Amino acid sequence: MNQRISILTALCTAIASGAASAEVEVCNQFPQAVYVAVGYRDARDTVTSGWWQVGSGACKVVDGRRVVAPYYIHAHTAWLNNVRHSWGKGKRLAVSSDAFTHPNADRSGVGGRLEEFSQVMDGVGDFGSFTYTIVDASTSETRLRN
């Protein structure tokens, strides 16, 4: 009996530590810092939160929860010489100018403004961790991790 309890405890610990290590990491290969917001479904609706600054040549964990599809990311640079680069297309969700978390982010009237987010994980399911890399002004890549 004690051996069964020990095995069950070890299994639960392994599962819990695997879930705790799940994360969304954003890497920035663009020559300017980027500001990142994420969007995801919770039990009731779509939630957005942000902003995380990721410097040029750096990576940063922006979400420590286990990733469940659908999952969205938006990133943009600061304005420089009247130009702001942004990454995100297909899903308009609510954001604010300062740090924020918005429930019901896919409904109009929530938050300060709408920004374009890209759906980087689609379908239904639990995907663990992934890295989203901003490559250049028009390219980003998503890579799943264990």
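Are F30 and W87 buried or exposed? Select both. F30 is buried, and so is W87. Keep in mind throughout that this is a predicted model.

**Stop 1: two rings**

Stay with F30 and W87 and show their side chains. They form an aromatic pair that is edge-to-face. The ring centres are 5.2 Å apart, with 75° between the planes. F30 lies in the loop between β1 (24–28) and β2, and W87 lies in strand β6 (residues 86–87), so the pair ties together parts that are 57 residues apart in sequence. The structure holds four aromatic pairs.

**Stop 2: a stacked pair**

Next, select Y40 and Y71. Their ring centres are 6.4 Å apart and their planes lie at 15°, so this pair is stacked. Y40 is in strand β2 and Y71 in strand β5 (residues 67–76), so parts 31 residues apart in sequence are tied together. Y40 is buried, because its relative accessible area is 13% and the cut-off for buried is under 20%. Y71 also counts as buried, at 1% relative accessibility. Ring pairs link Y40, Y71 and F130 into a cluster.

**Stop 3: a charge over a ring**

The charged end of R65 sits over the ring of Y40, 3.5 Å from the ring centre. The side chains of R65 and D63 meet in a salt bridge, at 2.9 Å from N to O. Side chains of opposite charge can pair when their charged atoms come close. R65 counts as partly exposed, at 35% relative accessibility. D63 is buried, with a relative accessible area of 8%.

**Stop 4**

How many salt bridges does a search of the whole structure find? It finds four. Select R92 and E116 for another one. Their closest N and O atoms are 3.6 Å apart. This pair links distant parts of the chain: R92 is in strand β7 (residues 91–95) and E116 is in strand β9 (residues 113–136), 24 residues apart. R92 is partly exposed, with a relative accessible area of 48%. E116 counts as partly exposed too, at 25%.

Move to R113 and E115. Their side chains meet in a salt bridge, 3.0 Å from N to O. Salt bridges that share partners join R84, R113 and E115 into one network. R113 counts as partly exposed, at 30% relative accessibility. E115 is buried, with a relative accessible area of 9%.

**Stop 5: strand β3 and its partners**

Switch to a cartoon view and select β2 (34–41) and β3 (46–54). They form a hairpin with four residues between them. The two strands pair in the antiparallel sense over eight bridges.

Why is β3 largely enclosed by the rest of the structure? Seven of its nine residues are buried, so the rest of the structure largely encloses the strand.

**Last stop: the loop**

Select R44, which lies in the loop between β2 and β3. R44 counts as exposed, at 69% relative accessibility. R44 and N104 are 60 residues apart in sequence, yet 8.5 Å apart in space, C-alpha to C-alpha.

Key. Residues numbered from 1 in each chain as written. Predicted model: local features only at pLDDT ≥ 70, side-chain atom pairs only at ≥ 80, totals over all residues. Heavy atoms only, no water. Buried < 20%, exposed > 50% of the residue type's maximum accessible area, 1.4 Å probe, protein only. Pairing = 2+ DSSP bridges. Phe/Tyr/Trp six-rings, centres within 6.5 Å; stacked < 30°, edge-to-face > 60°. Lys NZ or Arg CZ within 6 Å of the ring centre and 35° of its normal.
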